[in-house]
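Work through the exercises below with the model open beside you, and try each task before you read its solution.

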Amino acid sequence: MKYSKFLLFFLLFFVADRIKVLAQISKADSLAALIDKYPKKDTVKVRLMVSLAMTLAYSNPSRAMKIIDDELPLSEELHFVKGILDGYNLRSSLYIIQGNFQEGLVVCEQYLKTAEQYHDHMGVMATNNRIGIIYSQSSNYPKALEYMLAALKIAESSGDKNRIAASNQNIGNIYNDMEDFDKALEYYKKSFSITESIVPKTLVPPSLYNNIGTELIHQKKYEE
């Protein structure tokens, strides 16, 4: 799938090896038991539900979604802003993880509106990225670029070089799908340069090396 190329700003993590998988299962079981015993409808319960949904996001996304379906109304009842934002963040992420882009777009638009309402700039940026990814799946590249460029603008205003670099790489991916290889290379090189300037030094993502190499092949710059 094309969306696998993108650097998504999910508040999620991927479990890669067996030891971590077992640790996550143990953590999920412990959190679930704690939530079941917790009688209060308060922000502590909401935080536990969010933690459990995050833990299950990749291993059991359907269960994670059911937890968020309970968490969001509770957060709204408590007027708990962080819980509301976390709920929309996770729900939109889970739809994309499962490849359900139609429902994902609806929730992303709800998340964007909510993040703007509460002046959550990082949420606005994340949602613009996700909407851009969703539009790219249907080859609606002008709309994809519109949202990706909006995300880049927020990243630049935040001064966070990691997010700026990731946004530039995402935009490069859109131009690559459009077969505008010169423009793709321009954004990939921006991403590379910004990543190289980060202190303390961070590794350039292997995917970015691959992307730049692919564009150079299109330009027949084989040695480079």
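The exercises that follow go from confidence to a single helix, then to loops, the core and ring pairs.

Two notes on the basis come before the tasks. This is a predicted model, in which local features need pLDDT of at least 70 and side-chain atom pairs count only at pLDDT 80 or more, while totals for chains, interfaces and linings use all residues. Residues are numbered from 1 along each chain as its sequence is written, and side-chain values use heavy atoms, with hydrogens and water left out.

**Exercise 1. Find where pLDDT stays under 50.**

Step 1: pLDDT is the predictor's confidence in each residue, from 0 to 100, and the protein chain averages 88, with 88% of the residues at a score of at least 70.
Step 2: The stretch asked for is residues 6–22, for which the model has 40 contacts beyond four places in sequence, a contact being heavy atoms within 4.5 Å.
Step 3: Where pLDDT is low, the predicted coordinates should not be read in detail.

**Exercise 2. Check the span of helix 10 and locate its buried residues.**

Step 1: Helices are DSSP runs of H or I with at least four residues, numbered from the N terminus, and the expected span is 1.5 Å times one less than the number of residues.
Step 2: For the 13 residues of helix 10 (residues 206–218) this should give 18 Å, and the end C-alpha atoms are 19 Å apart, which agrees.
Step 3: Leu208, Asn211, Ile212, Glu215 and Leu216 are the buried residues of helix 10, where buried means under 20% relative accessible area, exposed over 50% and partly exposed in between, with a 1.4 Å probe and protein chains only.
Step 4: These residues cover an arc of only 135 degrees around the axis, which puts them on the same side of helix 10; the arc is that of the directions from the helix axis to the C-beta atoms.
Step 5: The buried residues pack against helix 8 (161–177) and helix 9 (181–196), whereas the face turned away from the buried side carries the exposed residues Pro206 and Ile217.

**Exercise 3. Describe the backbone at Pro200 and His79.**

Step 1: Pro200, in the loop between helix 9 and helix 10, is joined to Val199 by a cis peptide bond with omega about -5 degrees.
Step 2: His79 is not a glycine, although its phi is positive, about 55 degrees.
Step 3: The loop between helix 3 (61–78) and helix 4 (81–97) holds His79, and with a relative accessible area of 66% His79 is exposed.

**Exercise 4. Which residues have the most contacts inside the largest nonpolar core?**

Step 1: A nonpolar core is a set of buried Ala, Val, Leu, Ile, Met, Phe, Trp, Tyr and Cys residues joined through side-chain atoms within 4.5 Å.
Step 2: The largest one has 63 residues, and those with the most contacts inside it are Leu52, Leu94, Ile131 and Ile171.
Step 3: Helix 7 (residues 141–158) gives the most to this core, with 9 residues.

**Exercise 5. Classify the ring pair of Tyr135 and Tyr147.**

Step 1: Rings of Phe, Tyr and Trp (its six-membered ring) pair if their centres lie within 6.5 Å, and planes under 30 degrees apart count as stacked, over 60 as edge-to-face and the rest as tilted.
Step 2: The whole structure has 3 aromatic pairs.
Step 3: The centres of Tyr135 and Tyr147 are 5.8 Å apart and their planes stand at 20 degrees, so the pair is stacked.
Step 4: Tyr135 lies in helix 6 and Tyr147 in helix 7, 12 residues apart, and both are buried.

Note on methods. Helices (H or I, at least four residues) and strands (E, at least two) are DSSP runs, numbered from the N terminus.
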